[in-house]
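Here is the note you asked for, written for someone who is meeting this structure for the first time. Please read it with the model open beside the text.

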Amino acid sequence: MAKAAKQSYVCQSCGAAFSRWAGKCASCNEWNSLVEEQNVAAVPGTGLAKSTKGRVIKLEGLNGDMSKTPRFTTGLVELDRVTGGGIVPGCAMLIGGEPGIGKSTLLLQLAASLANAGRRAIYFTGEEAVAQVRLRAERLGLRDAPVELAAETNLSNIMATLGDGKPPDLVVIDSIQTLWADALEAAPGTVSQVRGATQALIRYAKNSGCALLLVGHVTKDGNIAGPKVIEHMVDTVLYFEGDRGHPFRILRSVKNRFGATDEIGVFEMVHTGLREVANPSELFLGERDSKSPGTAVFAGVEGTRPLLVEIQALVAPSALGTPRRAVVGWDSNRLSMLLAVLDARCGVAFGQHDVYLNVAGGLKITEPAADLAACAALLSSFSGNALPAEHVYFGEVSLSGAVRPAGHMATRLKEAQKLGFKQIVMPAAGETELGRSKVKLTRITHLKYLVSGQAAGRAKPKAKAGK
Ligand code: TYD
Ligand code: MG
(Lines give C-alpha, C1' and ligand atoms only; values in the text may rest on other atoms or scores of the structure.)
(Ligands and ions follow the chains in the order given, each with its own letter.)
Protein backbone atom coordinates (compact mmCIF):
# COMPACT_ATOMS: atom_id res chain seq x y z
CA MET A 1 0.00 0.00 0.00
CA ALA A 2 1.27 3.46 -0.85
CA LYS A 3 2.42 5.40 2.16
CA ALA A 4 -0.01 8.24 2.91
CA ALA A 5 1.53 11.67 2.50
CA LYS A 6 2.32 13.09 5.96
CA GLN A 7 1.95 16.71 4.94
CA SER A 8 -0.85 18.38 3.13
CA TYR A 9 -1.70 21.94 2.26
CA VAL A 10 -5.03 22.98 3.71
CA CYS A 11 -6.97 26.00 2.55
CA GLN A 12 -7.71 28.16 5.62
CA SER A 13 -10.75 29.53 3.93
CA CYS A 14 -12.68 26.46 2.74
CA GLY A 15 -10.83 23.55 4.35
CA ALA A 16 -9.90 21.79 1.08
CA ALA A 17 -6.64 19.79 1.28
CA PHE A 18 -4.02 19.50 -1.48
CA SER A 19 -0.80 17.57 -1.83
CA ARG A 20 1.09 20.56 -3.31
CA TRP A 21 1.26 24.17 -2.39
CA ALA A 22 -0.29 26.69 -4.76
CA GLY A 23 -0.83 30.42 -4.60
CA LYS A 24 -4.55 30.02 -5.15
CA CYS A 25 -6.94 27.46 -3.71
CA ALA A 26 -8.38 25.44 -6.59
CA SER A 27 -11.55 24.83 -4.61
CA CYS A 28 -12.63 28.29 -3.44
CA ASN A 29 -10.27 30.47 -5.53
CA GLU A 30 -8.96 32.26 -2.44
CA TRP A 31 -5.38 33.57 -2.80
CA ASN A 32 -2.63 32.79 -0.29
CA SER A 33 -4.85 30.62 1.83
CA LEU A 34 -2.95 27.29 1.66
CA VAL A 35 -1.00 26.41 4.80
CA GLU A 36 1.14 23.34 5.31
CA GLU A 37 -0.39 21.06 7.92
CA GLN A 38 0.23 17.56 9.09
CA ASN A 39 -2.19 15.06 7.67
CA VAL A 40 -4.83 14.21 10.27
CA ALA A 41 -4.96 10.62 9.04
CA ALA A 42 -1.29 10.24 9.81
CA VAL A 43 -1.62 11.39 13.42
CA PRO A 44 -1.52 8.41 15.72
CA GLY A 45 -4.41 8.10 18.13
CA THR A 46 -7.01 9.85 15.99
CA GLY A 47 -8.33 6.48 14.84
CA LEU A 48 -8.83 7.74 11.33
CA ALA A 49 -5.97 5.80 9.79
CA LYS A 50 -7.50 2.37 9.95
CA SER A 51 -11.13 1.48 9.60
CA THR A 52 -12.69 -1.11 11.89
CA LYS A 53 -15.52 -3.45 11.15
CA GLY A 54 -18.74 -1.79 12.34
CA ARG A 55 -21.49 -3.27 14.47
CA VAL A 56 -25.21 -3.24 13.73
CA ILE A 57 -27.00 -0.45 15.55
CA LYS A 58 -30.68 -0.38 16.52
CA LEU A 59 -32.83 1.91 14.40
CA GLU A 60 -35.68 3.81 16.04
CA GLY A 61 -38.87 5.66 15.11
CA LEU A 62 -39.68 9.33 15.43
CA ASN A 63 -42.38 8.88 18.08
CA GLY A 64 -40.27 7.29 20.80
CA ASP A 65 -39.32 8.65 24.20
CA MET A 66 -37.86 12.12 24.35
CA SER A 67 -35.95 13.53 27.20
CA LYS A 68 -37.29 17.04 27.36
CA THR A 69 -34.36 19.41 27.17
CA PRO A 70 -34.44 21.48 30.35
CA ARG A 71 -32.95 24.88 29.73
CA PHE A 72 -31.41 27.10 32.28
CA THR A 73 -31.84 30.82 32.13
CA THR A 74 -28.72 32.90 32.06
CA GLY A 75 -29.88 35.91 34.03
CA LEU A 76 -29.31 38.04 30.92
CA VAL A 77 -32.77 38.45 29.40
CA GLU A 78 -31.49 39.50 25.97
CA LEU A 79 -29.21 36.46 25.76
CA ASP A 80 -32.05 34.16 26.81
CA ARG A 81 -34.18 35.66 24.08
CA VAL A 82 -31.56 35.03 21.39
CA THR A 83 -30.88 31.46 22.48
CA GLY A 84 -34.59 30.65 22.42
CA GLY A 85 -35.33 30.72 26.15
CA GLY A 86 -32.06 29.86 27.85
CA ILE A 87 -29.07 27.60 27.49
CA VAL A 88 -29.57 23.90 26.81
CA PRO A 89 -27.19 21.68 28.81
CA GLY A 90 -24.69 19.95 26.54
CA CYS A 91 -25.04 22.49 23.77
CA ALA A 92 -22.12 24.07 21.98
CA MET A 93 -22.38 27.72 21.04
CA LEU A 94 -20.05 29.73 18.88
CA ILE A 95 -20.01 33.49 19.25
CA GLY A 96 -18.28 35.56 16.61
CA GLY A 97 -17.63 39.26 16.27
CA GLU A 98 -15.02 41.84 15.42
CA PRO A 99 -12.18 42.49 17.84
CA GLY A 100 -13.14 44.85 20.64
CA ILE A 101 -16.87 44.51 20.08
CA GLY A 102 -17.42 43.02 23.55
CA LYS A 103 -17.39 39.22 23.24
CA SER A 104 -15.14 38.70 26.25
CA THR A 105 -17.17 41.19 28.26
CA LEU A 106 -20.45 39.47 27.43
CA LEU A 107 -19.13 36.01 28.26
CA LEU A 108 -17.59 37.15 31.53
CA GLN A 109 -20.91 38.72 32.50
CA LEU A 110 -22.66 35.48 31.55
CA ALA A 111 -20.22 33.31 33.50
CA ALA A 112 -20.53 35.58 36.55
CA SER A 113 -24.31 35.56 36.34
CA LEU A 114 -24.42 31.73 36.29
CA ALA A 115 -21.77 31.44 39.00
CA ASN A 116 -23.73 33.82 41.22
CA ALA A 117 -26.77 31.61 40.69
CA GLY A 118 -24.86 28.69 42.17
CA ARG A 119 -23.71 26.99 38.98
CA ARG A 120 -20.12 26.04 38.23
CA ALA A 121 -18.71 28.25 35.47
CA ILE A 122 -15.18 27.94 34.12
CA TYR A 123 -13.58 30.60 31.93
CA PHE A 124 -10.49 29.66 29.90
CA THR A 125 -8.78 32.62 28.33
CA GLY A 126 -6.14 32.20 25.67
CA GLU A 127 -5.87 35.84 24.73
CA GLU A 128 -5.45 37.64 28.00
CA ALA A 129 -3.61 37.07 31.24
CA VAL A 130 -5.55 36.23 34.38
CA ALA A 131 -4.78 39.69 35.75
CA GLN A 132 -6.36 41.33 32.71
CA VAL A 133 -9.55 39.35 33.13
CA ARG A 134 -9.57 40.23 36.84
CA LEU A 135 -9.21 43.88 35.94
CA ARG A 136 -12.18 43.62 33.62
CA ALA A 137 -14.19 41.82 36.31
CA GLU A 138 -13.41 44.64 38.70
CA ARG A 139 -14.59 47.20 36.16
CA LEU A 140 -17.79 45.22 35.67
CA GLY A 141 -18.32 44.95 39.42
CA LEU A 142 -18.10 41.17 39.28
CA ARG A 143 -15.00 40.54 41.39
CA ASP A 144 -16.90 38.49 43.94
CA ALA A 145 -18.59 36.17 41.45
CA PRO A 146 -17.25 32.61 41.97
CA VAL A 147 -16.13 32.14 38.36
CA GLU A 148 -13.19 29.75 37.97
CA LEU A 149 -10.57 31.28 35.72
CA ALA A 150 -7.46 30.03 33.90
CA ALA A 151 -5.20 31.36 31.17
CA GLU A 152 -4.59 28.24 29.11
CA THR A 153 -4.29 27.34 25.45
CA ASN A 154 -3.19 23.71 25.56
CA LEU A 155 -6.14 21.46 24.75
CA SER A 156 -4.85 18.48 26.76
CA ASN A 157 -4.47 20.62 29.88
CA ILE A 158 -7.96 22.01 29.39
CA MET A 159 -9.46 18.56 28.94
CA ALA A 160 -7.64 17.27 32.01
CA THR A 161 -8.84 20.23 34.08
CA LEU A 162 -12.41 19.71 32.93
CA GLY A 163 -12.26 16.02 33.81
CA ASP A 164 -11.17 16.84 37.35
CA GLY A 165 -13.83 17.37 40.01
CA LYS A 166 -17.51 18.16 39.63
CA PRO A 167 -18.49 18.68 35.97
CA PRO A 168 -19.07 22.37 35.25
CA ASP A 169 -22.37 23.82 34.00
CA LEU A 170 -20.68 26.28 31.68
CA VAL A 171 -17.29 26.32 29.98
CA VAL A 172 -16.14 29.42 28.12
CA ILE A 173 -13.23 29.20 25.68
CA ASP A 174 -11.93 32.62 24.65
CA SER A 175 -10.98 31.98 21.86
CA ILE A 176 -11.06 28.75 19.86
CA GLN A 177 -8.35 30.09 17.52
CA THR A 178 -5.78 30.22 20.31
CA LEU A 179 -6.10 26.55 21.31
CA TRP A 180 -3.60 23.96 20.20
CA ALA A 181 -3.40 20.19 20.53
CA ASP A 182 -0.02 18.47 20.93
CA ALA A 183 -1.08 15.70 18.58
CA LEU A 184 -1.36 18.09 15.66
CA GLU A 185 1.72 19.79 14.34
CA ALA A 186 -0.06 22.67 12.67
CA ALA A 187 0.11 26.15 14.20
CA PRO A 188 -2.73 27.38 16.48
CA GLY A 189 -5.54 28.93 14.50
CA THR A 190 -5.09 26.70 11.45
CA VAL A 191 -8.01 24.68 10.19
CA SER A 192 -6.88 21.33 11.58
CA GLN A 193 -6.11 22.75 15.03
CA VAL A 194 -9.41 24.62 15.29
CA ARG A 195 -11.35 21.64 14.00
CA GLY A 196 -9.56 19.18 16.31
CA ALA A 197 -10.01 21.34 19.41
CA THR A 198 -13.67 22.04 18.64
CA GLN A 199 -14.36 18.34 18.12
CA ALA A 200 -12.77 17.36 21.43
CA LEU A 201 -14.58 20.08 23.38
CA ILE A 202 -17.96 19.31 21.81
CA ARG A 203 -17.52 15.63 22.62
CA TYR A 204 -16.83 16.58 26.24
CA ALA A 205 -19.85 18.90 26.36
CA LYS A 206 -22.22 16.26 24.97
CA ASN A 207 -20.96 13.63 27.40
CA SER A 208 -20.92 15.77 30.51
CA GLY A 209 -23.96 17.94 29.78
CA CYS A 210 -22.13 21.20 30.31
CA ALA A 211 -22.82 24.13 28.03
CA LEU A 212 -19.86 25.11 25.90
CA LEU A 213 -19.33 28.66 24.68
CA LEU A 214 -16.63 29.24 22.10
CA VAL A 215 -15.43 32.63 20.98
CA GLY A 216 -14.53 32.71 17.29
CA HIS A 217 -12.56 35.38 15.48
CA VAL A 218 -13.99 36.85 12.34
CA THR A 219 -12.24 37.44 9.04
CA LYS A 220 -12.15 40.83 7.36
CA ASP A 221 -15.34 39.92 5.50
CA GLY A 222 -17.10 39.44 8.83
CA ASN A 223 -17.35 35.63 8.71
CA ILE A 224 -16.13 33.44 11.53
CA ALA A 225 -12.53 32.50 10.73
CA GLY A 226 -11.79 28.91 9.80
CA PRO A 227 -13.90 26.93 7.41
CA LYS A 228 -17.65 26.65 7.66
CA VAL A 229 -17.09 23.25 9.24
CA ILE A 230 -16.90 24.82 12.72
CA GLU A 231 -20.29 26.41 12.23
CA HIS A 232 -21.66 23.02 11.17
CA MET A 233 -20.27 21.32 14.26
CA VAL A 234 -21.81 23.57 16.91
CA ASP A 235 -25.50 23.80 17.82
CA THR A 236 -25.80 27.55 17.89
CA VAL A 237 -23.95 30.32 16.09
CA LEU A 238 -24.31 33.85 17.40
CA TYR A 239 -22.85 37.00 15.92
CA PHE A 240 -22.14 40.01 18.05
CA GLU A 241 -22.36 43.08 15.83
CA GLY A 242 -22.16 46.78 16.16
CA ASP A 243 -20.09 49.75 15.28
CA ARG A 244 -17.21 50.51 17.60
CA GLY A 245 -17.98 54.19 17.33
CA HIS A 246 -21.45 53.59 18.75
CA PRO A 247 -22.43 52.01 22.04
CA PHE A 248 -25.14 49.73 20.61
CA ARG A 249 -24.43 46.04 20.16
CA ILE A 250 -26.70 43.49 18.56
CA LEU A 251 -26.48 39.79 19.30
CA ARG A 252 -27.93 37.89 16.40
CA SER A 253 -28.47 34.16 16.09
CA VAL A 254 -27.70 32.79 12.63
CA LYS A 255 -28.02 29.12 13.51
CA ASN A 256 -29.89 27.59 16.42
CA ARG A 257 -30.77 23.94 16.80
CA PHE A 258 -32.85 24.75 19.90
CA GLY A 259 -34.82 27.80 18.82
CA ALA A 260 -35.65 30.34 16.16
CA THR A 261 -32.90 32.15 14.30
CA ASP A 262 -34.71 35.42 13.78
CA GLU A 263 -34.21 36.82 17.26
CA ILE A 264 -31.92 39.64 18.25
CA GLY A 265 -30.68 40.85 21.59
CA VAL A 266 -29.77 44.51 22.03
CA PHE A 267 -27.07 45.71 24.41
CA GLU A 268 -25.45 49.02 25.13
CA MET A 269 -21.74 49.22 26.01
CA VAL A 270 -21.37 51.47 29.03
CA HIS A 271 -18.45 51.94 31.40
CA THR A 272 -19.71 49.15 33.63
CA GLY A 273 -20.00 46.65 30.78
CA LEU A 274 -22.89 45.58 28.60
CA ARG A 275 -26.27 46.84 29.62
CA GLU A 276 -29.37 45.14 28.31
CA VAL A 277 -31.70 47.31 26.29
CA ALA A 278 -35.32 46.30 26.64
CA ASN A 279 -36.70 48.99 24.38
CA PRO A 280 -34.26 49.53 21.50
CA SER A 281 -36.39 51.99 19.51
CA GLU A 282 -36.21 54.59 22.26
CA LEU A 283 -32.45 54.25 22.23
CA PHE A 284 -32.07 54.52 18.47
CA LEU A 285 -34.34 57.54 18.23
CA GLY A 286 -32.92 59.15 21.37
CA GLU A 287 -30.73 61.78 19.75
CA ARG A 288 -32.96 62.59 16.86
CA ASP A 289 -32.86 65.99 15.24
CA SER A 290 -36.21 66.02 13.53
CA LYS A 291 -36.05 69.60 12.30
CA SER A 292 -33.36 69.20 9.67
CA PRO A 293 -34.20 67.99 6.17
CA GLY A 294 -33.10 64.55 5.06
CA THR A 295 -34.12 62.41 8.00
CA ALA A 296 -36.95 59.90 8.06
CA VAL A 297 -37.94 57.34 10.67
CA PHE A 298 -38.25 53.77 9.47
CA ALA A 299 -40.57 51.38 11.28
CA GLY A 300 -38.46 48.27 11.01
CA VAL A 301 -38.60 44.75 12.39
CA GLU A 302 -35.51 42.81 13.40
CA GLY A 303 -36.40 39.18 13.90
CA THR A 304 -39.70 39.46 15.70
CA ARG A 305 -38.88 42.74 17.42
CA PRO A 306 -39.97 46.13 16.17
CA LEU A 307 -37.14 48.61 15.84
CA LEU A 308 -37.63 52.23 14.87
CA VAL A 309 -34.53 53.78 13.34
CA GLU A 310 -33.66 57.04 11.70
CA ILE A 311 -32.46 57.05 8.10
CA GLN A 312 -30.43 60.10 7.12
CA ALA A 313 -29.80 61.29 3.58
CA LEU A 314 -27.71 64.10 2.20
CA VAL A 315 -28.15 65.19 -1.40
CA ALA A 316 -25.74 67.90 -2.50
CA PRO A 317 -24.79 69.33 -5.91
CA SER A 318 -21.73 67.49 -7.19
CA ALA A 319 -18.52 69.04 -8.45
CA LEU A 320 -17.48 65.73 -9.97
CA GLY A 321 -18.19 64.31 -13.40
CA THR A 322 -19.42 61.12 -11.80
CA PRO A 323 -21.32 62.05 -8.62
CA ARG A 324 -20.47 60.22 -5.43
CA ARG A 325 -22.81 57.74 -3.83
CA ALA A 326 -21.86 56.58 -0.34
CA VAL A 327 -23.75 54.48 2.16
CA VAL A 328 -23.29 53.53 5.81
CA GLY A 329 -25.44 50.68 7.15
CA TRP A 330 -27.20 50.32 3.84
CA ASP A 331 -26.62 48.36 0.62
CA SER A 332 -25.12 50.55 -2.10
CA ASN A 333 -26.82 48.59 -4.90
CA ARG A 334 -30.14 49.18 -3.23
CA LEU A 335 -29.43 52.93 -3.10
CA SER A 336 -28.63 52.94 -6.83
CA MET A 337 -31.88 51.13 -7.48
CA LEU A 338 -33.93 53.62 -5.46
CA LEU A 339 -32.28 56.57 -7.23
CA ALA A 340 -33.03 54.97 -10.60
CA VAL A 341 -36.67 54.36 -9.65
CA LEU A 342 -37.06 57.95 -8.38
CA ASP A 343 -35.61 59.20 -11.66
CA ALA A 344 -37.44 56.92 -14.09
CA ARG A 345 -40.83 56.64 -12.36
CA CYS A 346 -41.17 59.91 -10.47
CA GLY A 347 -39.06 62.33 -12.53
CA VAL A 348 -36.69 63.29 -9.69
CA ALA A 349 -33.18 63.13 -11.18
CA PHE A 350 -30.17 62.90 -8.88
CA GLY A 351 -27.69 62.71 -11.79
CA GLN A 352 -25.89 65.97 -10.85
CA HIS A 353 -25.89 65.35 -7.13
CA ASP A 354 -23.75 63.51 -4.64
CA VAL A 355 -25.90 61.22 -2.50
CA TYR A 356 -25.04 59.97 1.00
CA LEU A 357 -27.24 57.63 2.99
CA ASN A 358 -26.64 56.75 6.63
CA VAL A 359 -28.48 54.62 9.15
CA ALA A 360 -28.29 56.22 12.60
CA GLY A 361 -26.81 54.41 15.58
CA GLY A 362 -24.42 52.20 13.61
CA LEU A 363 -27.19 49.81 12.64
CA LYS A 364 -27.17 47.84 9.39
CA ILE A 365 -30.48 47.57 7.59
CA THR A 366 -31.10 44.72 5.19
CA GLU A 367 -34.89 44.82 5.20
CA PRO A 368 -36.39 45.83 1.81
CA ALA A 369 -39.23 47.48 3.74
CA ALA A 370 -36.86 50.35 4.51
CA ASP A 371 -37.02 51.54 0.87
CA LEU A 372 -39.87 53.96 1.44
CA ALA A 373 -38.17 55.61 4.43
CA ALA A 374 -34.94 55.96 2.44
CA CYS A 375 -36.84 57.54 -0.47
CA ALA A 376 -38.57 59.94 1.93
CA ALA A 377 -35.19 60.95 3.41
CA LEU A 378 -33.67 61.39 -0.07
CA LEU A 379 -36.57 63.51 -1.29
CA SER A 380 -36.54 65.60 1.87
CA SER A 381 -32.83 66.36 1.55
CA PHE A 382 -33.22 67.06 -2.16
CA SER A 383 -36.04 69.54 -1.62
CA GLY A 384 -34.61 71.04 1.55
CA ASN A 385 -37.88 70.53 3.43
CA ALA A 386 -37.84 68.62 6.68
CA LEU A 387 -40.34 65.80 7.00
CA PRO A 388 -42.95 66.11 9.75
CA ALA A 389 -41.41 64.85 12.99
CA GLU A 390 -44.32 62.61 13.86
CA HIS A 391 -44.25 60.56 10.63
CA VAL A 392 -42.86 57.07 10.18
CA TYR A 393 -42.43 55.14 6.96
CA PHE A 394 -42.19 51.57 5.78
CA GLY A 395 -42.79 49.72 2.50
CA GLU A 396 -40.78 48.03 -0.20
CA VAL A 397 -40.36 49.89 -3.49
CA SER A 398 -40.40 47.83 -6.67
CA LEU A 399 -38.70 48.76 -9.94
CA SER A 400 -42.01 50.02 -11.31
CA GLY A 401 -42.27 52.46 -8.42
CA ALA A 402 -45.11 50.52 -6.81
CA VAL A 403 -45.05 50.36 -3.01
CA ARG A 404 -45.33 46.74 -1.96
CA PRO A 405 -46.54 45.38 1.36
CA ALA A 406 -44.11 44.31 4.08
CA GLY A 407 -44.44 41.65 6.77
CA HIS A 408 -45.23 42.26 10.46
CA MET A 409 -47.41 45.29 9.70
CA ALA A 410 -49.23 45.18 13.04
CA THR A 411 -45.96 44.97 14.99
CA ARG A 412 -44.59 48.04 13.22
CA LEU A 413 -47.79 50.01 13.77
CA LYS A 414 -47.97 49.19 17.45
CA GLU A 415 -44.39 50.25 18.05
CA ALA A 416 -44.87 53.54 16.19
CA GLN A 417 -48.00 54.20 18.19
CA LYS A 418 -46.24 53.37 21.44
CA LEU A 419 -43.50 55.89 20.72
CA GLY A 420 -45.99 58.65 20.00
CA PHE A 421 -45.87 58.89 16.22
CA LYS A 422 -49.02 60.35 14.67
CA GLN A 423 -48.92 59.28 11.05
CA ILE A 424 -47.65 56.21 9.24
CA VAL A 425 -46.92 56.22 5.52
CA MET A 426 -47.19 52.63 4.42
CA PRO A 427 -48.20 50.33 1.54
CA ALA A 428 -51.87 50.28 0.53
CA ALA A 429 -51.97 46.52 0.25
CA GLY A 430 -51.88 44.14 3.20
CA GLU A 431 -54.15 43.66 6.19
CA THR A 432 -53.63 45.42 9.47
CA GLU A 433 -55.60 45.35 12.66
CA LEU A 434 -54.85 48.30 14.82
CA GLY A 435 -58.17 48.64 16.57
CA ARG A 436 -58.94 52.10 17.86
CA SER A 437 -55.89 54.30 17.67
CA LYS A 438 -54.84 57.88 17.27
CA VAL A 439 -52.37 57.03 14.54
CA LYS A 440 -53.35 58.07 11.05
CA LEU A 441 -52.56 55.60 8.31
CA THR A 442 -51.59 57.02 4.94
CA ARG A 443 -51.62 54.11 2.57
CA ILE A 444 -49.98 54.64 -0.81
CA THR A 445 -49.74 52.42 -3.86
CA HIS A 446 -46.98 54.22 -5.72
CA LEU A 447 -43.82 56.18 -4.91
CA LYS A 448 -45.11 59.14 -6.93
CA TYR A 449 -47.55 59.97 -4.12
CA LEU A 450 -44.60 60.43 -1.79
CA VAL A 451 -42.92 62.71 -4.34
CA SER A 452 -46.03 64.80 -4.95
CA GLY A 453 -46.19 65.48 -1.25
CA GLN A 454 -49.60 63.86 -0.81
CA ALA A 455 -48.19 61.36 1.59
CA ALA A 456 -45.22 63.20 2.99
CA GLY A 457 -47.14 66.26 4.07
CA ARG A 458 -44.78 68.76 2.48
CA ALA A 459 -44.19 70.72 -0.70
CA LYS A 460 -42.97 69.40 -4.03
CA PRO A 461 -39.23 69.21 -4.61
CA LYS A 462 -37.99 72.69 -5.53
CA ALA A 463 -35.91 71.89 -8.56
CA LYS A 464 -35.28 68.99 -10.83
CA ALA A 465 -31.60 68.67 -11.40
CA GLY A 466 -30.21 68.06 -14.84
CA LYS A 467 -32.95 69.94 -16.66
P1 TYD B 1 -13.92 42.99 24.76
O2 TYD B 1 -14.95 42.26 25.53
O3 TYD B 1 -12.52 42.87 25.20
O4 TYD B 1 -14.01 42.67 23.21
P5 TYD B 1 -13.67 41.34 22.38
O6 TYD B 1 -13.47 40.25 23.35
O7 TYD B 1 -14.87 41.18 21.49
O8 TYD B 1 -12.46 41.67 21.60
O9 TYD B 1 -14.42 44.50 24.71
C10 TYD B 1 -13.58 45.50 24.91
C11 TYD B 1 -14.15 46.81 24.54
O12 TYD B 1 -15.24 47.19 25.32
C13 TYD B 1 -13.06 47.78 24.79
O14 TYD B 1 -12.87 48.56 23.64
C15 TYD B 1 -13.50 48.58 25.96
C16 TYD B 1 -14.98 48.38 26.01
N17 TYD B 1 -15.49 48.27 27.39
C18 TYD B 1 -16.31 49.26 27.89
O19 TYD B 1 -16.61 50.23 27.23
N20 TYD B 1 -16.80 49.12 29.15
C21 TYD B 1 -16.50 48.07 29.95
O22 TYD B 1 -16.96 47.99 31.09
C23 TYD B 1 -15.64 47.07 29.42
C24 TYD B 1 -15.26 45.87 30.23
C25 TYD B 1 -15.17 47.19 28.14
MG1 MG C 1 -11.75 39.19 23.77
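The numbered points below go from the basis of the model to the chain, the ligand shell and the salt bridges.

1. Basis. This is a predicted model, in which local features need pLDDT of at least 70 and side-chain atom pairs count only at pLDDT 80 or more, while totals for chains, interfaces and linings use all residues. Residues are numbered from 1 along each chain as its sequence is written, chains are lettered from A and ligands numbered from 1 in the order in which they are written, and side-chain values use heavy atoms, with hydrogens and water left out.

2. The chain as a whole. The chain has 11 helices and 21 strands, taken as DSSP runs numbered from the N terminus (helices H or I, at least four residues; strands E, at least two). Of its 467 residues, 48% are buried, where buried means under 20% relative accessible area, exposed over 50%, and partly exposed in between (1.4 Å probe, protein chains only). Among contacts with a separation of 6 or more, 65% join residues 24 or more positions apart, a contact being heavy atoms within 4.5 Å. The accessible surface comes to about 22,900 Å², and 51% of that belongs to carbon and sulfur atoms; such areas come from the Shrake-Rupley method with a 1.4 Å probe, and for residues only the protein chains shown count as cover.

3. The shell around ligand 1. Ligand 1 is surrounded by 16 residues, the closest being Gly100, Lys103, Ser104, Thr105 and Arg136; a residue belongs here if one of its heavy atoms lies within 4 Å of the ligand. Helix 2 (103–116), helix 3 (130–140) and strand 11 (264–270) each contribute at least two residues to this shell. By class, the shell holds five nonpolar, seven polar and four charged residues, with Ala, Val, Leu, Ile, Met, Phe, Trp, Tyr, Cys and Pro counted as nonpolar, Asp, Glu, Lys and Arg as charged, and the others, Gly among them, as polar.

4. Atoms that meet ligand 1. An N or O atom in the side chain of Ser104 is 2.6 Å from an oxygen atom of ligand 1. From the backbone, an N or O atom of Gly102 lies 3.0 Å from a ligand oxygen, and a polar atom of Ile101 is 3.4 Å from one. The protein covers 75% of the 560 Å² of accessible area that ligand 1 has on its own.

5. Salt bridges. The whole structure contains 13 salt bridges, each defined as a side-chain nitrogen of Lys or Arg within 4 Å of a carboxyl oxygen of Asp or Glu. Arg120 pairs with Glu148, their closest N and O atoms being 2.9 Å apart; the pair links distant parts of the chain, 28 residues apart, with Arg120 in the loop between helix 2 and strand 5 (121–125) and Glu148 in strand 6. Arg120 is buried at 16% relative accessible area, whereas Glu148 is partly exposed at 33%.

6. Further pairs. Asp371 forms a salt bridge with Arg334, with 2.6 Å between the closest N and O atoms; Asp371 lies in helix 9 and Arg334 in helix 8, 37 residues apart. Asp371 is buried, at 0% relative accessibility, and Arg334 is partly exposed, at 22%. Glu78, Arg81 and Arg305 are linked in a network of salt bridges.

Note on methods: A polar contact is a pair of N or O atoms within 3.5 Å; within protein, one must be able to donate a hydrogen and the other to accept it, and residues adjacent in sequence count only if both atoms are side-chain atoms.
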